[in-house]
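Welcome, and thanks for taking a look at this chain. Below is a short tour of its helices, its core and a few individual residues.

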Amino acid sequence: MAAQQGDGSEDDATLSPVTAAILLPPTEHCLHSINSTVFIRQLPSQGLSFQLWPAATTFLTLLDDHRRNPSTGPLGPTLTALGSRRPPLKILELGSGTGLVGIAAAVTLGVSVTVTDLPHVIPNLSFNVKANAAVLAANGGVVHVAALRWGEAEDVEVIGREFDLIVASDVVYHDHLYDPLLKTLRLLITGGEEAEEEGRVFVMAHLRRWKKDSAFFKKARKLFEVEVLHVDPPCHGSRVGVTVYRFAGKKSSKKLLKANNANANANANANAIAIA
Ligand SMILES: C[S@@+](CC[C@H](N)C(=O)[O-])C[C@H]1O[C@@H](n2cnc3c(N)ncnc32)[C@H](O)[C@@H]1O
């Protein structure tokens, strides 16, 4: 990995004229399902938040496949269930980086997406959203940009919790970020009874690079039901491919109690009828 992140070290630099002189041309990402292209500016010299990571491309491909055929493909059941429950779907992306996944989601699904990252990443994120204004407008997508620091409850309060779906790509890498990320996910997915009732979910594309990643999933499984939706074939020179996970709230003990009580009442009624 090119740079340390999440601690505000080398990514803190603002865009200088020197950096501007070594900008790469924007990368083009084709969405075949709608015959459109998303343009993304990367600024690799600014640090890892300004580069596109492999899991983002996998996510874009799955969104494109879903748009082409919603009834097949790994995202189908989740997106269809969420979309029918409370349209229009509202999506929040965590650790958006260059914003490819959030922009692609807004364009392919024609919905509102809020892309977020650390405060110093926001200018490039906003740049990329503006650069795709035409394709967003043409497809009924809207993208909002906001700072959201993992682990900071007040950032979640400011952004609100009325999102149906939380998405992210390549956000599990430094172990000191596991707990802050899980705290934010807990606030967004299982924060309050309302969230549990509405069945909010987190869909994350992840390329496993280190053994230590498993510590994140071990912690996550204690908090959420974690399911694998999709596994890419291994990338060239790698033993693993990008994996897409779905996290959902565990059934709370309160809900289980309610369900058990309902069953007990039903049994009691059946017995009473049988005796009578
Ligand atoms: C490896 S990059 C992935 C970027 C993008 N999602 C992609 O797949 O191309 C991880 C992202 O998480 C963001 N991030 C790291 N620590 C964070 C924190 N504490 N709060 C919010 N975002 C954070 C970084 O700024 C960066 O954009």
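## Starting at Ala131

Ala131 counts as partly exposed, with 16 C-beta neighbours inside 10 Å. Here a residue is buried if 20 or more other C-beta atoms lie within 10 Å of its own, exposed if 12 or fewer, and partly exposed in between, with C-beta atoms placed from the backbone. This is a predicted model, in which local features need pLDDT of at least 70 and side-chain atom pairs count only at pLDDT 80 or more, while totals for chains, interfaces and linings use all residues. Residues are numbered from 1 along each chain as its sequence is written.

Ala131 lies in helix α5. Helices (H or I, at least four residues) and strands (E, at least two) are DSSP runs, numbered from the N terminus. Leaving aside neighbours within four places in sequence, Ala131 is in contact with Pro26, Phe39 and Arg41; contact means that the C-beta atoms of two residues, placed from the backbone, lie within 7 Å. Although Phe39 is 92 residues away along the chain, its C-alpha atom is separated from that of Ala131 by 6.8 Å.

## The two sides of α5

Which residues of helix α5 are buried? In this helix, residues 122–131, they are Asn124, Leu125, Asn128 and Val129. These residues sit on the same side of α5 because they cover an arc of only 140 degrees around the axis, the arc being that of the directions from the helix axis to the C-beta atoms. Pro123 and Lys130, on the other side of α5, are exposed.

The cover over the buried residues of α5 includes the strands β2 (36–40), β4 (112–117) and β5 (142–147), together with helix α4 (100–109).

## The chain and its core

The chain has eleven helices and nine strands. Of its 276 residues, 36% count as buried. Among contacts with a separation of 6 or more, 69% come from residues 24 or more positions apart.

The largest nonpolar core has 63 residues. Such a core is a set of buried Ala, Val, Leu, Ile, Met, Phe, Trp, Tyr and Cys residues joined through C-beta atoms within 7 Å. Leu100, Ala104, Ala105, Ala106 and Ile166 have the most contacts inside it, and α4 gives the largest share, eight residues. Beyond its neighbours within four places in sequence, Ile166 is in contact with Leu92, Leu94, Leu185, Leu188, Ile189, Arg200 and Phe202.

## α2 against α4

How do α2 and α4 pack, and at what angle? Helix α2 (residues 54–68) and α4 meet at about 5 degrees, with their axes 9 Å apart. Axes are lines fitted to C-alpha atoms, for helices over the stretch in contact, and angles run from 0 to 180 degrees between N-to-C directions. The angle makes α2 roughly parallel to α4, a term used for angles under 35 degrees, with over 145 counting as roughly antiparallel, 65 to 115 as roughly perpendicular and the rest as oblique.

On the α2 side, the contact is made by Ala56, Phe59, Leu60, Leu63, Asp64, His66 and Arg67, and on the α4 side by Leu100, Val101, Ala104, Ala105 and Thr108. By class, this contact has eight nonpolar, two polar and two charged residues. Ala, Val, Leu, Ile, Met, Phe, Trp, Tyr, Cys and Pro count as nonpolar, Asp, Glu, Lys and Arg as charged, and the others, Gly among them, as polar.

## Two residues with positive phi

Most residues other than glycine have a negative phi. Asn35 has a positive value, near 55 degrees, and is placed in the loop between β1 (27–31) and β2. Asp170, also not a glycine, has a positive phi of about 50 degrees; Asp170 lies in the loop between β6 (165–169) and α8 (178–190).

Are these two residues buried or exposed? Asn35 counts as exposed, with 7 C-beta neighbours inside 10 Å, whereas Asp170 is buried, with 24 other C-beta atoms within 10 Å.

Gly73 lies in the loop between α2 and α3 (76–85) and counts as partly exposed, with 19 C-beta neighbours inside 10 Å. Not counting residues up to four places away in sequence, Gly73 touches Leu62, Asp65 and His66.

Asp155 is found in helix α7 (residues 153–159). With 17 C-beta neighbours inside 10 Å, Asp155 counts as partly exposed. Apart from neighbours within four places in sequence, Asp155 is in contact with Ala147, Leu148 and Arg149.
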